Amino acid sequence: MNIIIVGCGRVGRSIAEQLNTEGHAITVVDVNPEELDKLVETENIMVIEGNGATYSVLREAGIENCDLLIAVTAADELNLYTCLLAKNAGVNSTIARVRNPEYISDVNVIKDDLKLSLAINPEYTCAGEIARLVKYVGIMSIRSFAGDQVDLIKIKIKEDSPLVNKRIADNASLLKGNVRFCFVERGEELYIPDGDFVLRVGDEASFVAPSQVASKMLKSLGIISNKMRSAMILGGSKIGFYLAKILRDSGLSVKIFEKNPSRCEELSEDLPGVMIFNGDAMDEDLLLSEGIDRADAVICLMNTDEENLLASLYAKHVNPNAKVVTELGNLKFRSVVDSLPLDSIIRPKHLTGQFIIRYVRGMQNTIGNNVETMYKISHNRAEALEFRVRENSAVTGVPLSQLNLKKDLQIICISRNGKIITPGGNDTIEKGDSVIVVTKHQGLSDLKSILR
């Protein structure tokens, strides 16, 4: 597909890099030549210096042959206007980033009036992801499929875990019969395990299960703790604003620490019921005086990765039982970061990229059995995908044991008429099903592509 991305900030650059690996023809437009130069240094992508909200620049970028335009500049109004120009130029599909909290309730109206394919708010999406993580102390990540009926949960195997040094098949009673381990990260290695795979201390293991079953399993493993009551948010960013609102509305006591006085005033006006502290979130005395050693959750959302990493390590040091979530914008020194005793890491720009890639894959096959949900796993080395079966094909009506599946690929769950099936060899895929697949293969856009 021919895709134009207007905006080469963190989000735009991340989207360009991810879509480029999917094999699309990408053109990036931005007024800042330095940002474009950074992209060209690492990626084989065409760039255009100029204002993407002008028809002359869009024409230079190839708007006449464009299949999809994505506008992700820092200005919402500019993004919306750029998409309007693209629509008038004949582009069928457009995506705009809309970040302003004042627009959040109007997003659907804006989307319909401007005939946008998607209106995405990365900060709001990220806040929702963090809010889900805050529910559980012991999990590293949680993603959902099949309309939130099925969860993909990542945990770290500890010394006292009943799963340690046993084959996965030997844990059948503990796993409640409807739990399927699908990925295990061990150091630099990534495995899609079978029943003979033995879990070791330190493994990062991901499993898929119906949401209620997953909750019972986490309780049996001692991972779910008491109900969350309090959260401290370090940094008053847009993500912090959205997150505080979600957690407050869920009944938690929420504190935000922000050193910019004018931002504190804005947050105080917009977040009644949330305690706003005007102070440096890197001030140990301030954090201790306000109870960081007693908080149920600490979420680090400051301006730099270094601050967030240090604050997260400090929070775990003074409060080992807290759920600590760390925002990271970059992947620098990944091996070092992965070795740190962190609970959960959130990368907003990658969440946005995955969201858009899922939409693009759906565009590629709107008639067939296309991707409904997609998550990148283990630094993009694997994927978990949900396909909606809209037509009969070579994969339907055939027992799974008779399908010639690709290597490093498993069918781990089928949702049929609201019923969740953990499939065995005699089960079949039928029209109307949602099918969850895990694989090391990249770029699958249709269910038929699971076959060799």
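Predicted model: local features only at pLDDT ≥ 70, side-chain atom pairs only at ≥ 80, totals over all residues.
Residues are numbered from 1 along each chain as its sequence is written, and side-chain values rest on heavy atoms, with hydrogens and water left out.

Helix H1 covers residues 10-21 (helices are DSSP runs of H or I with at least four residues, strands are E runs of at least two, and both are numbered from the N terminus). Its 12 residues reach 17 Å from first to last C-alpha, close to the 16 Å expected (1.5 Å times one less than the number of residues). Of these 12 residues, 9 are buried (under 20% relative accessible area, with exposed over 50% and partly exposed in between, for a 1.4 Å probe and protein chains only). Among them are Val11, Ile15 and Leu19, along with Arg13. Just after H1, Gly23 adopts a positive phi of about 95°.

Turning to the rings, the model holds 6 aromatic pairs (Phe, Tyr and six-membered Trp rings with centres within 6.5 Å; planes under 30 degrees apart are stacked, over 60 edge-to-face, the rest tilted). Tyr124 lies in helix H6 and Tyr242 in helix H8, so the pair ties together parts 118 residues apart in sequence. Tyr124 is partly exposed at 40%, while Tyr242 is buried at 3%. Ring pairs also bring Phe241 into a cluster with these two tyrosines.

Phe145 and Tyr375 form another edge-to-face pair, with 5.2 Å between centres and 80° between planes. This pair links strand S7, which holds Phe145, to strand S18, which holds Tyr375, across 230 residues. Both Phe145 and Tyr375 are buried.
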